[in-house]
Amino acid sequence: MFKTTAKALVCALSLGIAGLAQAADPIVIKFSHVVAEHTPKGQGALLFKQLAEERLAGKVKVEVYPNSQLFGDGKEMEALLLGDVQIIAPSLAKFEQYTKKLQIFDLPFLFDNIQAVDRFQNSPEGKSLLTSMEDKGITGLAYWHNGMKQLSANKALREPKDARGLKFRVQASKVLEEQFKAVRANPRKMSFAEVYQGLQTGVVNGAENPWSNIYSQKMHEVQKFITESDHGVLDYMLITNTKFWDGLPADVRSELEKIVAEVTVEVNKQADALNQGDKQRIIDAKTSEIIQLTPEQRGMWRDAMKPVWKEFEGEIGADLIKAAEAANKQ
Ligand code: LMR
């Protein structure tokens, strides 16, 4: 009798300890990014945290680090590969070290609008790019929208010749460098965290960003003109460390996959409204003049920048470019 009770006690104790250990030991997912919280990516990261901690309570804890707090550009990918963070969502312009295919998203004037970008990302060709870096240890979980980019500068940009000789900040992308060289401007690679200061101090004269990044970084306060050019896209790939993801308990991974899918729908639904709201806030702030291009002027920018496609066609693949162009027509 005593023996059975003692056994039961030991059993209960060890179960209790195991339970405690489990409760004290959730899987920690660090999600690091470089933008402000009130942006499509910032909001997506917070929603991911909320849903993961609600539905996997005690099993998963998500720590979100916005504004390059933990890792900035250049370092966040390395940190992901080293296991110092588990999820990041770099802009599609920041992958050229890992795959040349994603350069497609930087080609100027390839997509007519964000709906076309969305259709391409959801096409078989677009989806295949999510798994194109698994040999490098990177798994793509989803595409998240930010939006179409606008050109800003301290000079009114109406025609390509207006950009001549100006210094433009670019993300770490050869395509974007070539895009500015095509209008005889000088591109300068700079991490996102440095852009505001770069514009303020005149290290660079201009930049290209969606409205949400311009507003949340207060770039409109240091740029006299913003041209609504919609000349390219700034979107993200939500990525994780392949080993980390594959090593998760199957039930946790499949729940997280469902959550990612749900958050992706929400981010992509809200991104355009968020950008339009920030555009209005910039107009209301009256710090910058917003320039609308005539169809002829927009055509001039397109003609000047489009030759860049040819330079990268070999690396990206002509078929992939065709598939992206087809997304404009549906
Ligand atoms: C940039 O560097 O301009 C963007 O990639 C920042 C971001 O993550 O939106």
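Analyst: F180 is buried, because its relative accessibility is 1%; buried means under 20% relative accessible area, exposed over 50% and partly exposed in between, with a 1.4 Å probe and protein chains only. The model is a predicted one, in which local features need pLDDT of at least 70 and side-chain atom pairs count only at pLDDT 80 or more, while totals for chains, interfaces and linings use all residues. Residues are numbered from 1 along each chain as its sequence is written, and side-chain values use heavy atoms, with hydrogens and water left out.

Rings of Phe, Tyr and Trp (its six-membered ring) pair if their centres lie within 6.5 Å; planes under 30 degrees apart count as stacked, over 60 as edge-to-face and the rest as tilted. By this rule there are seven aromatic pairs. In one of them, F111 and F120 have ring centres 5.8 Å apart and planes at 40 degrees, so this pair is tilted. F111 is buried at 4% relative accessibility, and F120 is buried at 0%. The rings of F168 and F180 are stacked, because their centres are 4.4 Å apart and their planes stand at 15 degrees. F168 is buried as well, with a relative accessible area of 1%. Ring pairs also link F105, F111, F120 and Y143 into a cluster.

Charges are judged by a separate rule: NZ of Lys or CZ of Arg must be within 6 Å of the ring centre and within 35 degrees of the ring normal. K306 places its charged end over the ring of W309, 4.5 Å from the centre, and R281 lies over the face of Y215, at 5.8 Å from the ring centre.
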